[in-house]
Every structure is written in C-alpha cells, then in structure tokens.
Amino acid sequence: MSSLIATIKLREVATNQAIQAQVFDGIDQTHLSNWKTKWVPVVQATEARLLAQGAPASVYPQSAHWDWNKKTTAFQNLLSYRMFAVTCAHDTQGLMAVATDVVMHPSRLPDDKGRRALGLVYIDFLEAAPWNRPEHVQPPRYRGVGSVLIATAIQLSLDEGFKGRIGLHSLPQSEDFYRNIVRMNDLGPDTSYPGSFPLRYFEFTTAEAQAFIQGGKP
Amino acid sequence: MRLNVTDDWCLAAADREGDREIGVGFAAADPTVLAAAQGQPLASRATETTQLAFGLLIQLLRRRKSLTLAQLATIARVDMEELLLIEKDVDYHPEPRTVHQLAQVFELRPKALMQLSGSAAPREEVSREAVKFAASSEPMAKLTREEALAVEQFVAALNRLADKDALTP
Amino acid sequence: MSTKRTMTLNLTDAEMAVLEAMAEAKDLTKTGVLRQALRLYQLIDVRIARGEKIFVENGLTKEKAELAIL
C-alpha cells in the first residue's frame, strides 16, 4: 500500500525547469514494475558497455545488485521498516528503505545531554533511477531526488519521536554528497559488520537534521 | 505522515545536489567493485597471475645470485617468513617495504615490482609479460640458460614499463 | 497509513515505572517507547516463526545462551 505524502519539485537538467514530482510512503506494484522494466535494463546496458570496453571493476556502477522486489517482500509487514518512492512523469525516480528500531540502529553521536544509543531513522537502502545518474546516462534527467529522500527520512524521524536523527552507510561514490552537500557527520569506515566492506557511516544530530530540512545551513 | 518542504527548498537542494551519486546501503555494495575503488588488490585472475609471477621472479633472482632464503632475508633486511610466503603463496600480499627492499637488492625499479606484488593494480601489459614469464619457467630445476634469459627479458620489460609510467602524469 | 487509533492502557505501578524510566533514558515519549517495543517484538517474533533462534552473548566469556521468547 502506498500513499502520497508530498508534491515536490525536481530540477529537469535539459531545460533547467522545475518539474512537479511526488513522494510516496510505501512502495506498490507500479513502482516495482517501473524499477524492473525501466531501471534494470539501463543498469544492465551500462554494465555490458563497461565490460565490452574492458573497464576495470572500480568503474562498475555500485548498487547494481539491489533487488527491490525481494526487499519489498522482506519488509512489507514489518512495523520497523518503511519504504518510500519519488515519482515524476510516470516514472519512479528514486527508492528508499529505512529501519526505525533502536536496538539494531542506535545513534552513535551524543545528543545535547550527552546521551547515545537513542533511536534514529536508519537508511537501509537509497537509490536513484539510472537515468538520473551520469555513470549510466549523460546528461542525467532530474536533480534533487537524494535531497528529497533525505528530507523524508528526517520527517519520519521527527514523527517517530527521534527528533530528526538519521544515520546511513554511504557507498564510496556517494560520500561527497553526504559529507559535503547534506553535511552529515562522517564517523568513518564501519568495521563492525564482518564480511562486509567497511562503508563509511554518516549521522545527523537533531539540530543539524532540522536545519537541513528547514533550509538553513547547519 | 506528511512531508512539508517548499518548492524553493526542493530546487535549491536540487541545484546543490547536482549530478552527484546518492546511493546508500550495504546490500547495494558490490565487494569487488568497492575493493577496486579503494585501490585494494582484487581477487581476480589478472592479479593472481602477476602475484604468481612476482613470487617466481624473486625466487629465480635469488637463485641467480646463489642465495638461500635465509641469506636473502639477511641481505634485504626482511622477514624470512615473508620471503617464503612471497615465493610459495600466490595469495600472499607482501608489505610495500619488503617489496622496496627486494627491489634494491635485485636492482629493479621499486615501482615495477610494486605492480607485480599486488600493492598496485597491474597494467594490462604487465599482466601479459607476467604470464609469458611464468609460463616459460620451471621453478624446481636449477636456473637454466632459458630461465636466465627469461628473467633478463622480464626485468627489462618491467623497467621499460615503469619508465613509461614515470613519463605519464 | 496515517490514520491513528486511540487505546487506553492499564499498567501496574511497576510497569508504569519501567515505561517512564525508559522514556527518560531513550528520550522518547511513553507512547514512543511502547511503539518501539511493539516493533522489536514483531521483528523477533517473525524470525522465530521462521525457525530462527535468538541468542544473547556474554560480553566477557563470549558464551551464547538462547533467548526464550513467548
């Protein structure tokens, strides 16, 4: 089940126009089939192209292995997990899955009273449609999907009583965005998941998150 | 739940975001891609071949000088255990210092040796030369004339390629 | 998704004391604590229903003991 929670604007790169888009709470079949029939072929085409060019593995698109169908099935009925989609011009432009249970994802930064291990909204996955990413399609179609989804996670955090706190593990190619544009705190490579590559963990404090969503610079 | 962001906020954020990558999450991460992006050695066939060639080269260079492992370890001021692993274990990644010391002892360009040892991703030409060299050597026999020639040619090729690298910015 | 339903809760003094203490410690409202508790209960319950087991590990000895859940 999916419900509209906001009408927003994205920047259309080709025309520089502001284009109306939607944010949905919950992912449904339209989003999933859009992912399957439109996103996946573009990602596969990029991989095939890179393979043919003999490019080293380091330039392969990261997040090529997500399977949103599987994710939705796993998360569907669990209260802890929420999924969100950004749509525009009848296409899904971005997808996000978050966790809200404090035991698995306690905050690491101290709050203003010095308390840690508080609840936050942890972003499990976040992905933009491949046509919005230069590594797949040049020039990309729309800008702003990432910021809108981060704002959505912060809003959920406020609704849950987590005061806006969010956390995430960034893919290496996305570190610039989270560190320098969103301006989250970079807590460094996380080695606490043995068997996984140590992705860098980023977190927002209450004040920083609220500043981001209100448009002021933290 | 409702999200309340103004159009102006969205557009300002979009302009700041630009075309940057925004992907998040462990399940998104492809280990081989990440390792390569961080400059770490990949467990690929190309790397294994060059590492095999590295071990073989060190062994043959040592034998050309009629040195035991222990003697080489002393002269190069490196761990004998590590030398053993270098010569025998194709998966072993030596310390950069060790590679540097060995380069000094055998009068090779350190950079050339680094590409073989797995400290840096090998260039395709290096991989090709490594395969040629490894295929033309018999490790258990005394160093034959053929092996000696192979060693010389391989070393020359590595040095040539390292020089080429030095010229490119 | 956004509709909320109201419920009256009857708790013992001990339960209320725990609820208040946790709300303070976790910087949540009492409602927030109970919602968290429900989420975690569901997460664990789903895993157990799948046949998985939940263990706790002794921080010092590293001994694992199975957690018995209703």
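The model is predicted: local features need pLDDT of at least 70, side-chain atom pairs count only at pLDDT 80 or more, and totals for chains, interfaces and linings use all residues. Residues are numbered from 1 along each chain as its sequence is written, and chains are lettered from A and ligands numbered from 1 in the order in which they are written.

The chain A mean is 89, with 92% of residues at 70 or more. Among its elements, helix H2 (residues 68–75) has the lowest mean, 80. Helix H3(A) has the highest, 97. Helices (H or I, at least four residues) and strands (E, at least two) are DSSP runs, numbered from the N terminus.

Chain A holds an open sheet of nine strands with mixed pairing. Two strands pair if DSSP finds at least two bridges between them. The strand order is E6-E1-E2-E3-E4-E5-E7-E9-E8. Strands E6 (142–143) and E8 (185–189) of chain A are the edges, each pairing on one side only. E8(A) runs antiparallel to E9(A) (residues 200–204), and three bridges join them. Pro189(A) has Arg200(A) in E9(A) as its bridge partner. Helix H3(A) packs on this sheet and touches several strands, including E1 (3–12) and E4 (91–99) of chain A. The direction of H3(A) makes about 35 degrees with that of E4(A).

Axes are lines fitted to C-alpha atoms, for helices over the stretch in contact; angles run from 0 to 180 degrees between N-to-C directions. Gly146(A), Ser147(A) and Val148(A) meet Cys10(B), Ala13(B), Ala14(B) and Glu17(B). Contact requires C-beta atoms, placed from the backbone, within 7 Å.

Chain B has nine helices and zero strands. Of its 169 residues, 36% are buried (20 or more other C-beta atoms within 10 Å of the residue's own; 12 or fewer is exposed, in between partly exposed; C-beta atoms are placed from the backbone). Among chain B contacts between residues at least 6 apart in sequence, 62% join residues at least 24 apart.

Note on methods:
Two residues are in contact if their C-beta atoms, placed from the backbone, lie within 7 Å. pLDDT is the predictor's confidence in each residue, from 0 to 100.
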